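Hi everyone, thanks for coming. I'd like to take a few minutes on one model today, so let me put it on the screen.

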Amino acid sequence: MGRGKRDRIVAILMLLPSIILLAIFVYYFIGSNVLTSLTDSNVVQRLSQQPANYVGMQNYESLFTGTLNGRFRIDIINTIFFTVLFIAACLSIGLLLAVLLDQKIKGEAIFRTIFLFPMALSFVVTGVIWKWLFNPSNGINVLPTFIGLPPIDFDWFISQERWFEFNWQDFPVIVSIVIAAIIFAVGVYFLYKQRTPTAYYIIGFALLMSVWILLGGAASLNGLARQETHGFNLALFALVVAATWQMSGYTMAMYLAGLRGIPEELREAARVDGAGELGVYRYVVMPMLAPITLSAIIILGHISLKIFDLVFVMGGGDNLFIDMPGINMYFTTFRGQEFGVGAAIATIMLVMVATVIIPYLVSSLRTEEVNS
Amino acid sequence: MKRFSIFLLVFAVALLSLMPAAAQDEAPSGDLEIFSWWVGGGEAAGLEALIEDFAAKYPDVNVINAAVAGGAGVNATAVLTSRMLGGDPPDTFQWHAGEELSSIWVRAGLLEPLNDMYEENGWFEAFPQGLLDLISDDEGNVYVVPVNIHRSNVMWYVPGNLEEWGVTVPASWDEFVNETCPTLQEQGVTPISVGETWTQVHLWESVALGVLGPEGYAGLWDGSTDWTSDTVTSVFETFGQVLDCANEDMSALSWQDASQMVAEGSAAFNIMGDWAAGLFLVDLGLVADEGFAWAPSPGTEGTFMMLSDTFGLPVGAPNAGAVRAWLNYLGSVEAQDIFNPLKGSLPANTQADISNEELYNVYFQDAYNDWTSNEIAGSLAHGVVASRAFMNGFNDIIASFAADHDATSAAANAAILGLQTGDF
């Protein structure tokens, strides 16, 4: 017992420095950033040592509804489209590469290195390289001319085309419908899996939410006075290609490790039961890779939600067709020197990343408890 | 009695310790940290030449060139702000004259007035009054020493190319949009080359000056021109038409790329500050009046839209004595004649040797005539007429305008922005 106690004290002492450092340099600063975001702090105030005024949620409100903050709303839309495309591309390409590498081919180690190599670069380097490659007049657009074909006619990161245009005033409704649909799907999934009462509660909640949407509850959340169209900017394709080039090797490595972890006996058993090669993947391999897919989504998701360097290098900063909240935050804080608004954007980014990370942390903590 | 002698002793020691400080005023020593965003090309060369000459005159001063690269001064601003807030100011720093200076540093009381230095050197007479107004407060206190003058409303072209395409330099934006632009587009030539967003703001200020005239343009910044009026909306409309005449890959180009399009003959005109003269003359090796030529941007004949780089003495600078020596040197004819030919700008000190053709090339001879005879306007893109906060917001307005071409909402947004940042 005495020994256990001493161990515990030693453990606490060992952990204490990092806990204190984390408390100051992560949590205190997060708190101080949130507090700043509730003020109108700016450079003149700070330099003349006058206190900033408390303005409540005004910075957040104006970001979502102010006529001058259209840039921020473009950023939100861009982030959503970019994140979805980037994750989908990384997962499918990574899985494809992993399955191909898993066919016991010759020189597997070499291919593995080649595919993983881009990850060793920083996004800044990736950005510079792809900025050259995507130059509309002398990048990959002219490649087909080497074999006598006409050049590709796509503007890449300076494209000003836009698909799926919609009015920002409809945004709350669209988001609510998507959220309600997801909740409904989750409920149906639970119902199908394990008929618990929770499943009925979830479905009930989704139905309630639909009624609220139908009655105009979501529409009333709109605070923007004038119509403002946003949509999927085709320039984002350039970002997605560059980012996928860098990160798909990582998903490949994760999937490959997962594939290697599946015992050969399981596959054999499936084959004996009469499954074809596709059936083995469909019913044995894929379900066992699900947790890996989840962790890959978490890692890629938080990268794409707070992406800065790649976009900054490729777009030069003020190209709104590929703009991201991180860049806006940087310019608002350091070029406009409006610290309050900059802090508000940073806080919103933190919330976005948290919505991805926290469910993951909760679920992984739960599994640990179950396992121990 | 004993106590008195101790007092005397202490007094004497104190007096002794003051001696070196008094001596310091005569011959400054120690470190002198000069903060700027001049890291490349002629700017860096000019600064280094200045530092070398200064160090030869004051061998006891150890000059530290603390230039911060990147982001057209954005990074430098961030570093400077955090150092000022952290109580670690550099000895002296570069900043644009005008509203950008007064809306932050002067308003916050972080710069020492330099009136005594101006009087000693007779600079109140040597620097033009219009420039002095930009760097002093309402009570007549002067806060910085300007090293140069740049012109922003310059239109660059290649005379031979214009002849070949059958166009002349347009005298107004109407003429450019309705006559010059279609003629050039028919021949597959880009009428005007533009680069990334700040160069679009740079183009906007030339359009605004050309459409509104010097008085109307100045009125934008003192509140006498109404931003929501039809005339200002028409500025944005004209600007939109000019953008329609421009290259499509603007957001991929730096100002150098855009100016180079003119030299290469793929574009007819480019509007850029006179630092482009250095690009044409030095980097591209062209001959003035043959390989390239210049004119005031359309409709701005007789107006010189200017900007100026300055250095000042921050409150609490670690080595004020050395800064004073540096500023004294910076404003002198000698220093201005070293710096400006390298940086490619006009000397702010009117006593500088502008007629010396070995120092100032043919472009600057011409520009100097305009500087001394024209009406003066302040540049928006370079911080003379508006604060940094306004500039940042206006950048966003131009970026979205480039995409949607909505003149009414752009003008209205600019009006709201001006109220919010307190600029007009």
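Let's begin where the two chains meet: 27 residues of chain A are in contact with 34 residues of chain B. Please keep in mind that this is a predicted model.

How much area is buried between chain A and chain B? The figure is about 2,600 Å², with carbon and sulfur atoms giving 61% of that. On the chain A side, Leu47(A), Leu68(A) and Arg335(A) together supply 27% of the area that chain A buries against chain B, more than any other three residues.

Now the polar side of the story. Between chain A and chain B there is 1 salt bridge, and here you can see the side chains of Arg71(A) and Asp396(B) meeting in a salt bridge at 2.4 Å, N to O. We also count 6 residue pairs in polar contact between the two chains, both residues at pLDDT 80 or more.

Which helices of chain A each supply at least two residues of the side that touches chain B? They are helix H2 (43–47) and helix H13 (325–335). H13(A) gives the most, with 5 residues. By type, the residues on this side of chain A divide into 12 nonpolar, 8 polar and 7 charged.

Before I stop, one residue in chain B. Asp370(B) sits in helix H16, residues 362–373. Is Asp370(B) buried or exposed? Its relative accessible area is 19%, so Asp370(B) is buried, the cut-off being under 20%. Leaving aside residues up to four places away in sequence, Asp370(B) touches Arg151(B) and Phe304(B). With Arg151(B), the side chain of Asp370(B) makes a polar contact of 2.8 Å.

Thanks, everyone!

Key: Residues numbered from 1 in each chain as written. Chains lettered and ligands numbered in written order. Predicted model: local features only at pLDDT ≥ 70, side-chain atom pairs only at ≥ 80, totals over all residues. Heavy atoms only, no water. Helix = DSSP H or I, 4+ residues; strand = E, 2+ residues; numbered from the N terminus. Buried < 20%, exposed > 50% of the residue type's maximum accessible area, 1.4 Å probe, protein only. Polar contact = N/O pair within 3.5 Å; in protein donor to acceptor, adjacent residues only side chain to side chain. Contact = heavy atoms within 4.5 Å. Buried area = accessible area lost by both parts, 1.4 Å probe. Salt bridge = Lys/Arg side-chain N within 4 Å of Asp/Glu carboxyl O. Nonpolar A, V, L, I, M, F, W, Y, C, P; charged D, E, K, R; others polar.
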